[in-house]
Amino acid sequence: MYDSPSSKHHELFIIGAGASGLMAAVTARDLGIDVGIVESNDRVGKKVLTTGNGRCNITNQSTLAGTDEAAALSQKYHSSQAEFPLPVLKQFGVRQTVEFFNALGLPLVAIENGRMYPMSLQAASVLEIFRIALEDRDVPIYFKTKVSDVKVSTGHPRFTIVCQTEAEGQVVYTSDYLFLCTGGLTAPKTGTDGSGYTLAQRLGHTLIHPVPGIVQLKLDYPYLKELSGVKFEGLGHIVVGGECIRSEYGEILFTDYGASGPPILQLSRKAAYRLAKGDKVVLSLELMPDRTEEEVVDFLDTHWGMFGHRTVAASFIGILNKKLIPVLLKEAGIDQEPNLLCQDLSWKTKKILYRLMKQWDFPVLDTNGFANAQTTAGGIDTTELKAGTLESKLVPGLYLCGEVMDVDGDCGGYNLQWAWSSGYAAAMALADRLTGAE
Ligand SMILES: Cc1cc2nc3c(=O)[nH]c(=O)nc-3n(C[C@H](O)[C@H](O)[C@H](O)COP(=O)(O)OP(=O)(O)OC[C@H]3O[C@@H](n4cnc5c(N)ncnc54)[C@H](O)[C@@H]3O)c2cc1C
């Protein structure tokens, strides 16, 4: 099945055997299209293997509860054109994803917050199922073949695909239609080095500045080593110029370079964009998000009233993670007074402690970079693509799928969902076009 590189022609060539390319290939073949795939790695879906901590969070069923599933799902996506994902998600959403994988023999299970995984809880099984599906359908994959250039002509064949191969050096393939499924810039070790952007740009497309999304934040804070490993349920806010631009609740984790955990990953794309613009970005954390400011004052005053004879440090035991307490005392300027009793706390220090429970500010230095990110925010400008079909408005016959375009999803299975949805929509649109149904 897996041909060695030499000159090849297919009606459709797909560049990239990642999530969107695999979905597009299976769908296109089932719709009767002659399809071949080129992949720079020596296997399919190297990135998919690393998803969901090796379990592959395929999609998320939590948006199925409402009356308009596609509209609810589209709220999980970000793009310079906010409405762009909807027509694609309407065609192929969570239900269709579950049915698609069921039909391939990969039942899904929901195990936490609506997140759906293969029943095996192994990302490898997703790839194995795709590998079997492609083999069953005789779809050839040309591995270790990196596309370095694409030329377009008005005649036949329309696309000339220039590839670099280990075995034969430069080879040239041709096709009538081309799907660019090359991903973004995250986890470059898995094959996504941004070369898809260059290919699209050479064909006239515009790149919306890509930044890391779903990534940890590096903080400018002197006591991170002391805080490293501390976990707490809190509320995080991204604040720019005194204005809160996004908030997320959940388990926050301090690391020796900054902060991680689901809320931080969710907040990161906003922070990344503002940092890229040169703005000063602050991560503001609430240690007691369930209490109002007044309730925090009441709670601490009552507590200190009951345990006035205890040291301030001891008074926080059982309330905050123990490793947080010495740093809190430094922030309040009382770390040099280890024997200070609650009953002797000054009004000024109390006010600092009340505030830190609701607003502990950490300047954000940077994100933890593309190497550690789960998705790329930004990408090829979606105003240059036809909504719903994903065909280029600039290059007829060229379609974009997955992360390469300026669409990214929240954490929780939404980025793979976009890969499945967009791969399906592009294949469907091409089939409609070939049968004259478009
Ligand atoms: C650590 C990690 C965990 C993640 N976990 C999840 C999760 O649990 N759930 C979720 O929804 N999302 C997750 N994601 C995001 C998700 O994996 C991606 O959004 C998704 O894989 C994007 O699909 P894609 O088809 O656009 O690109 P990819 O899956 O990245 O595939 C692109 C393919 O194109 C190939 N390629 C690139 N350029 C060329 C070229 N010039 N020539 C030939 N081939 C080329 C690459 O080698 C690659 O195989 C995670 C990402 C990471 C990094």
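View 1. Of its 17 lining residues, Asn-113, Arg-115, Pro-262, Gln-266 and Cys-411 are the closest to its centre. A pocket here is an open set of points, on a 1 Å grid over the protein atoms alone, where a 1.4 Å probe fits, with protein on both sides within 12 Å along at least five of seven lines, and lining residues have an atom within 4 Å of a point; the volume is the space filled by probe spheres set on the points, which are joined across faces, edges and corners. This is a predicted model, in which local features need pLDDT of at least 70 and side-chain atom pairs pLDDT 80 or more, while totals for chains, interfaces and linings use all residues. Residues are numbered from 1 along each chain as its sequence is written, and side-chain values use heavy atoms, without hydrogens or water.

**View 2. Domain 1 (9–212 + 376–434) and domain 2 (213–288 + 364–370) each give at least three residues to the lining of this second largest pocket.** The domain bounds come from an automatic or database domain assignment.

**View 3. Between them, domain 1 and domain 2 bury about 1300 Å², of which 61% lies on carbon and sulfur atoms.** On the domain 1 side, Val-211, Pro-212 and Cys-411 lose the most area to domain 2, together 48% of what that side buries; buried area is the accessible area (1.4 Å probe) lost by two parts on being put together, summed over both.

**View 4. Arg-246 and Asp-410 join their side chains in a salt bridge, at 3.7 Å from N to O.** The rule (a side-chain nitrogen of Lys or Arg within 4 Å of a carboxyl oxygen of Asp or Glu) finds two salt bridges across the interface of domain 1 and domain 2.
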